Amino acid sequence: MARAWPPRRLPPLPLLLLLPPLLVAALPGGKGQQRNGAPGGLTYVSEYFSQSAQRLSFYSWYGNAKLFRFRVPEDTVLLRWLLQASRGSGPACGRTQVTIHFRYGAPPVINPRGTQFPANMSLPGSYSQTLPLAGTLQNATFLNLTSPAAGDWFVLAHLPEATGKIEVKGFSTPCAYTFQPDMFVLRVLEVSTLEPDIPSWQTISQPSWPLHTKVFIPEYSTTLRVELRACTANVSVACALRLTLGSATLPRSFQKVLNCTGEAFPCSLLLASPPWEKWLRVTVESLSGPSASVSFQVVASFTACKPGGASTFLAFYQSLNRSQAVPPLAGGSPNATSDASALGSTCVRSQPVVREDLDVVSVVFRVLGDPGVPVRPQVPTLLLLNLNSGADSGGTLVLGLRLNKTASILGNATVLACLSAAAPVLNPNATGDCGTAFFRGYALNVSASSTEAGLSIPFPETDNWFLTLQLLCPKEGGRGECAKALVTVTAFLSPCFEDCGVYGQCSFLRRHGYVYAGCSCKAGWSGWGCTDGSKAQSVGAQTLAALLLTLSNLLFLPALAVALYGYHLVEASVYLFTMFFSTFYHACDQPGVAVLCIMDYDTLQFCDFLGSVVSIWVTILCMAQLKKMPKYILGVLGTLCIAMSLQLDRRGVWNMMGPCLFALVIMISVWVYRGVKRRHCYPPSWKRWAFFLFPGISLAAIALAVYAFMETNENYYYTHSLWHVLVASSVAFLLPPGDRPKRLWAWSRKLLCGYQICKNDREELYAVT
């Protein structure tokens with residue numbers, strides 16, 4: 001049975017040295033690895049599994065959490081996780097806590113932000129534990145589980161919810177939080193097995209040495225009974241035993257426990273709907289005292305279910321032929337499998353289902369034969385949904401039922417559907433809650449008044465899933481009308497729920513070859529499937545945000561006019577390029593419905609970033625007032641280097657700061673040289689400093705501060721629009737006055753006649769040719 005041991009926190013360095021002794025000490029009774037708890041003796045083997053440490057992120061969506069996958073071996077009696085977390089020592093590192101989630105069979109389904117889940121979605125839940133990081137840089141704890149289930153176990157870790165501040169890469173150094181889980185298991189070699197209906201004598205020499213055995217449950221088993229008989233003790237005490245069936249799982253454990261004392265023998269435990277085609281763990285512990293040696297018999301017996309209908313080969317072949325529009329075999333009618341008289345003494349009618357793999361974490365289940373599944377009150381109809389490949393637990397299982405009213409004869413009856421894993425619910429009328437021996441199933445129902453029902457399960461457990469359909473007739477009256485129902489079943493596995501809707505993006509995530517999916521929401525929407533609109537932006541707000549981010553680029557028009565007026569044609573071309581691509585990039589980058597993309601998003605983003613940095617580069621070079629040849633050479637080389645750096649890292653702050661600082665060094669060097677040469681401050685006019693340079697530099701400094709320290713996810717539309725306005729305005733102030741070209745009319749004269757007027761600057765003479 002599962003046992004929650006209190007967590008122990010130890011310094012991280014000696015942990016690996018202490019764990020093997022701790023595992024041995026956790027063994028019942030002794031100090032070695034071999035224990036003689038049964039006549040043949042038991043051998044315990046310890047194993048260690050580790051995964052590399054992962055850097056944690058503050059939580060905003062499922063992709064921020066780090067997933068770890070472990071495989072627990074068969075016959076494991078003790079599972080221990082060592083959970084280690086650490087943080088950096090920089091000024092940005094504060095007190096926080098790491099939240100860790102555990103689940104068996106599939107990744108944990110979590111909701112740290114407290115958002116709403118989609119309608120008709122069932123939540124499997126998870127077991128969570130927190131690990132604080134306060135005064136110390138490192139912390140560690142243990143989590144122990146006895147008799148764990150064999151198979152895949154998932155560990156998920158994340159930090160608290162993100163603040164929403166947009167961090168500019170390079171301006172600040174984020175704190176590094178890391179997490180690493182290690183798994184230690186203790187398993188038994190050569191576990192004895194129970195044969196059906198064959199008594200097995202067992203002896204427990206000491207109470208600290210329990211009996212570990214197992215029994216295989218064949219397919220179509222309806223019940224399992226494990227019975228303890230003829231219990232005797234070697235001392236004058238009453239014989240007392242504890243019988244435990246099943247393994248421990250998280251977040252919930254459905255182990256069955258029975259205490260047998262005194263005159264209760266023979267003592268038995270009955271399981272209805274045990275898991276099919278699996279080994280079931282049987283553990284017997286002695287409660288007779290520390291010095292008592294107990295002997296007893298263990299007997300396991302089954303009751304089997306005789307399948308009928310489409311489970312026979314002939315019916316399966318007929319269903320396959322009908323699905324492919326091929327005439328059936330001679331001697332068999334298409335309706336043979338649905339004939340009520342053919343059911344005979346069967347307890348379940350199987351409907352063949354074909355699994356069709358479409359893509360990664362994308363599966364469609366197709367029912368062979370007629371589109372509708374016939375459901376009758378005599379026996380339930382069973383459909384197998386195979387999700388046992390090991391790669392299916394990272395998506396969302398969607399099930400839909402639709403009742404065909406025209407082809408059904410049901411009156412006031414109801415069609416009850418039970419979806420369960422590992423074993424089917426063979427008697428839905430009796431259970432009501434669709435529970436099996438070790439699984440709490442999901443219930444759906446359709447009737448004449450409600451003809452449709454749906455269910456979605458995020459991250460379904462890796463196992464065979466069974467859908468049981470049965471027609472439940474009313475107890476009083478209307479039984480003559482309760483004859484049959486025709487139900488259309490739709491079942492498929494998709495990466496995300498409804499592809500995350502309009503305001504979300506379905507993203508595939510990968511961890512050591514395991515692929516799973518999650519929804520990244522936008523425009524204020526949240527939730528598992530981006531269906532929680534409690535904080536969503538309205539369409540008007542989305543339109544306003546789009547207009548702010550796009551129309552704010554029109555502030556480059558004054559800078560463009562100043563550049564043209566000063567005959568800075570290269571700079572004017574760059575400003576026009578920047579204004580165009582910044583406008584359409586932000587029109588395409590909108591999270592809501594107000595979106596316009598004239599070309600590929602990545603191309604628009606690259607051109608926007610390139611234009612922004614090159615605009616700053618050519619503006620500072622223009623302020624230096626270099627000669628034409630050096631100016632053009634630096635302009636072209638700088639543009640090429642900026643394009644290369646943006647291709648390497650588009651978000652890095654030094655892609656902008658590097659060209660700016662280099663251009664500023666050139667400009668200041670030129671200005672100092674000219675000031676020293678002329679023995680006068682450069683630029684020489686105080687009006688230039690007072691009315692142009694100081695306002696332009698102030699606007700640029702404010703824009704940089706807004707860009708680096710004030711932007712968040714909530715105010716991005718306003719602060720980034722302000723950034724556009726400030727940068728464009730600063731360019732209009734900082735551009736120097738240009739030299740007007742002379743003799744513009746000479747070009748027209750050259751085109752109109754064969755004469756050209758030339759000026760010799762050196763001899764100050766004019767010559768007519």
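**View 1. Arg650 in the loop between helix H8 (628-648) and helix H9 (654-678).** Helices are DSSP runs of H or I with at least four residues, and strands are runs of E with at least two, numbered from the N terminus. The model is predicted: local features need pLDDT of at least 70 and side-chain atom pairs pLDDT 80 or more, while totals for chains, interfaces and linings use all residues. Residues are numbered from 1 along each chain as its sequence is written, and side-chain values use heavy atoms, without hydrogens and water. Arg650 counts as buried because its relative accessibility is 16% (buried is under 20% relative accessible area, exposed over 50%, partly exposed in between; 1.4 Å probe, protein chains only). Apart from neighbours within four places in sequence, Arg650 is in contact with Asp602, Gln605, Phe606, Phe609 and Asn655 (contact means heavy atoms within 4.5 Å).

**View 2. A nonpolar surface patch that includes Leu664 of helix H9.** Trp654, Leu661, Leu664, Ile668, Val672 and Val676 form the patch, and together they have about 580 Å² of accessible area (Shrake-Rupley method, 1.4 Å probe, only the protein chains shown counting as cover). Patch residues have over 30% relative accessible area and no salt bridge; nonpolar side chains are joined within 5 Å, like charges within 9 Å. A salt bridge is a side-chain nitrogen of Lys or Arg within 4 Å of a carboxyl oxygen of Asp or Glu. Leu664 is partly exposed, at 32% relative accessible area.

**View 3. An open, mixed sheet of five strands in the order S12-S14-S19-S16-S17.** Strands S12 (192-193) and S17 (256-261) are at the edges with a single partner strand each, so one side of each lacks a neighbour in the sheet. Two strands pair if DSSP finds at least two bridges between them. S12 and S14 (residues 211-217) run parallel, joined by two bridges, and Thr193 is opposite Lys214 in S14.
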